[in-house]
Amino acid sequence: METHFSKQQLKDKDNRSSEKILRKCVHCGFCNATCPTYDLLGDELDGPRGRIYLIKDMIENNKPANEKIVKHIDRCLSCYSCMTTCPSGVNYMHLIDHGRMHIEKTFKRPFGDRFIRNFLSQVIPYPLRFRIVGLLTLLIKPINFIFSKRIKEMIKLMPINFPRKNLPKMKIYPAEKRKKPVARVALLTGCVQQVISPQINESTIRLLNRHGIEVIVPKGIGCCGSLDHHLGKSDLAKETFKKNILIWYKEYINNGLDAIISNTSGCGTTLKDYGFIFRSDDDLKKKAKKISELTKDISEYLDENVKLNFIKKKPNSRDYKIAYHSACSMQHGQKIHDIPINLIKKTGNKVFNIPEGHLCCGSAGTYNLLQNDIAKKLLKNKILNIDKINPEFIATGNIGCITQIANGTKIPILHTIEVIDWYTGGPKPKILRYL
Ligand code: SF4
Ligand code: SF4
């Protein structure tokens, strides 16, 4: 694609990166074929190629965003299915991030939108605030009818069950039965996940400890920053990124770290991008790059580094039919698809890919809260495809997908790590107690 940025514009690092990306695009439109919003809405501007033109027009001509542009960019899920399809290697992720930053700087959203987006930014990344809002939601549910459709839908989606944590909060979870651990890793315990599904971190820690790996959870690390990043709130996001980078880097230098483990693929995708985000920051670029290099999805880490001690199945033990849901951030963001499937297959159960598995379930961070109608349609399609397999349970590697899919089906859904933990000596997940 031809571009016409001025020399002055190219002094800006974001314009420079976007110009390189835009030049790779040959307008072929292959990406539209695998874009969930283009598939649903059929409008060129709701597909990647159309959005690329909208972003180009804004940043190249230094135009403020307008309602039409915002509508189509907001409808993008940031699922990155288009990046997997694109034959020219267009990095749509960096382009849409730039577009969202530009919108945040140049467009004043209506009051209701601003309020909701600020509310999400100020609540979701903070476990205590999230818990309090969850409890308040319980109180207002009976008078739900007084709110607008949008708020009603948000109230419906708000989790109100916060399971008890079984592991105490510690800085170091030592490896089992060893004087010297075989490896030392930091775990990103996340924000929402640790409140609504603490068993995911517990399975991760238990499994790693059982295999001789020490797990640390440094004080001060909370949210990975992706929520603000995807809302276009780049200053807030950068504060979080910076804090995380400095804490992990200090730990890496002082005590050594073999990896930073993410068990939420949405967060892992952002951590792996820290290096790019701080590419022009002289103080942080080396540190950020190191943090990105150290980051591994838990499935990736297990596959590359751990000889898992799977327990031999008893002859009369049950075989399960498992549907594997490949989260977009896992398969398109981190290009990890076969690894978790192969790990689950080692449990001796049958694992099936969900038909049209490249299409998003509609979770996409806060998307199901902000674009509820589209998210609901995507969820409906996902459930229809899951039903074609008729599995006993579903496995996936991202808390957002777990929550979204659980809203559409009674089939139990687990994190991949809960399945692996169970078959290597951990407890059977409670959600499967009736199976
Ligand atoms: S597939 Fe790639 S090159 Fe083709 S229009 Fe889409 S982004 Fe551009
Ligand atoms: S990120 Fe997903 S929703 Fe957005 S343009 Fe690409 S394929 Fe479409």
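## Helix 9 and what covers it

Two residues are in contact when heavy atoms of one lie within 4.5 Å of heavy atoms of the other. With that meaning in mind, and remembering that the model discussed here is a predicted one, we can begin with helix 9, which spans residues 149–157 and in which Glu153, Met154, Ile155 and Leu157 are buried. The cover over the buried residues of helix 9 includes helix 7 (111–123), helix 8, helix 20 (367–370) and helix 21 (372–389).

Helix 8, which is among the elements covering helix 9, runs over residues 127–140 and contains Leu139. Leu139 counts as exposed because its relative accessibility is 64%, and a residue is called exposed when that value is over 50%. Together with Leu128, Ile132 and Leu136, Leu139 forms a nonpolar patch on the surface, and the four residues have about 430 Å² of accessible area together.

An α-helix has 3.6 residues a turn, so residues three or four places apart point the same way.

In soluble globular proteins, nonpolar side chains tend to be buried together. In this model the largest nonpolar core has 70 residues, and those with the most contacts inside this core are Phe130, Leu208, Tyr301 and Leu302. The element that gives the most to this core is helix 23 (residues 416–423), which supplies 5 residues.

What does Tyr301 touch, if residues up to four places away in sequence are not counted? The residues touched by Tyr301 are Ala183, Val185, Leu208, Ile213, Ala259, Ile261, Lys296 and Val306.

Side chains of opposite charge can pair when their charged atoms come close. A search of the whole structure finds 26 salt bridges, and one of them joins Arg75 to Asp46, with the closest N and O atoms 2.7 Å apart. Arg75 lies in the loop between helix 4 (67–74) and helix 5 (81–85), while Asp46 lies in the loop between helix 2 (36–41) and helix 3 (48–60), so the pair ties together parts that are 29 residues apart in sequence. Asp46 counts as buried because its relative accessibility is 0%.

Arg184 takes part in a salt bridge with Glu214, in which the closest N and O atoms are 2.9 Å apart. Because Arg184 lies in strand 2 (residues 183–188) and Glu214 in strand 3 (residues 213–216), this pair ties together parts that are 30 residues apart in sequence. Arg184 also forms a salt bridge with Glu251, where the closest N and O atoms are 2.9 Å apart, and this pair links strand 2 with helix 13 (residues 234–255), its two residues being 67 residues apart. Arg184 is buried at 13% relative accessibility, and Glu251 is buried with a relative accessible area of 8%. Elsewhere, Asp74, Arg109, Asp113 and Arg150 are joined into one network by salt bridges that share partners.

## Ser292 and its polar contacts

Ser292 is placed in helix 16 (residues 285–294), and with a relative accessible area of 11% this serine is buried. How close does the side chain of Ser292 come to the backbone nitrogen of Gly275? The distance is 2.9 Å, and the side chain of Ser292 also reaches the backbone oxygen of Lys272 at 3.4 Å. Leaving aside neighbours within four places in sequence, Ser292 is in contact with Leu271, Lys272, Asp273, Tyr274 and Gly275.

## Two residues in loops

Tyr320 lies in the loop between helix 17 (298–305) and strand 6 (321–325). Is Tyr320 buried or exposed? Tyr320 counts as buried, because its relative accessibility is 5%. Apart from neighbours within four places in sequence, the contacts of Tyr320 include Asn349, Lys350, Trp422 and Leu435, and the side chains of Tyr320 and Lys428 are joined by a polar contact of 3.4 Å. The C-alpha atoms of Tyr320 and Phe393 are separated by 7.8 Å, although these residues are 73 residues apart along the chain.

Gly89 sits in the loop between helix 5 and helix 6 (92–106), and at 40% relative accessibility Gly89 counts as partly exposed. Its C-alpha atom is separated by 7.1 Å from that of Lys24, a residue 65 residues apart from Gly89 along the chain.

Terms used: Residues are numbered from 1 along each chain as its sequence is written. Chains are lettered from A and ligands numbered from 1 in the order in which they are written. This is a predicted model: local features need pLDDT of at least 70, side-chain atom pairs count only at pLDDT 80 or more; totals for chains, interfaces and linings use all residues. Side-chain values use heavy atoms; hydrogens and water are left out. Patches are made of residues with over 30% relative accessible area and no salt bridge: like charges are joined within 9 Å, nonpolar side chains (Val, Leu, Ile, Met, Phe, Trp, Tyr) within 5 Å. Accessible areas come from the Shrake-Rupley method with a 1.4 Å probe; for residues, only the protein chains shown count as cover. A salt bridge is a side-chain nitrogen of Lys or Arg within 4 Å of a carboxyl oxygen of Asp or Glu. Helices (H or I, at least four residues) and strands (E, at least two) are DSSP runs, numbered from the N terminus. Buried means under 20% relative accessible area, exposed over 50%, partly exposed in between (1.4 Å probe, protein chains only). A nonpolar core is a set of buried Ala, Val, Leu, Ile, Met, Phe, Trp, Tyr and Cys residues joined through side-chain atoms within 4.5 Å. A polar contact is a pair of N or O atoms within 3.5 Å; within protein, one must be able to donate a hydrogen and the other to accept it, and residues adjacent in sequence count only if both atoms are side-chain atoms.
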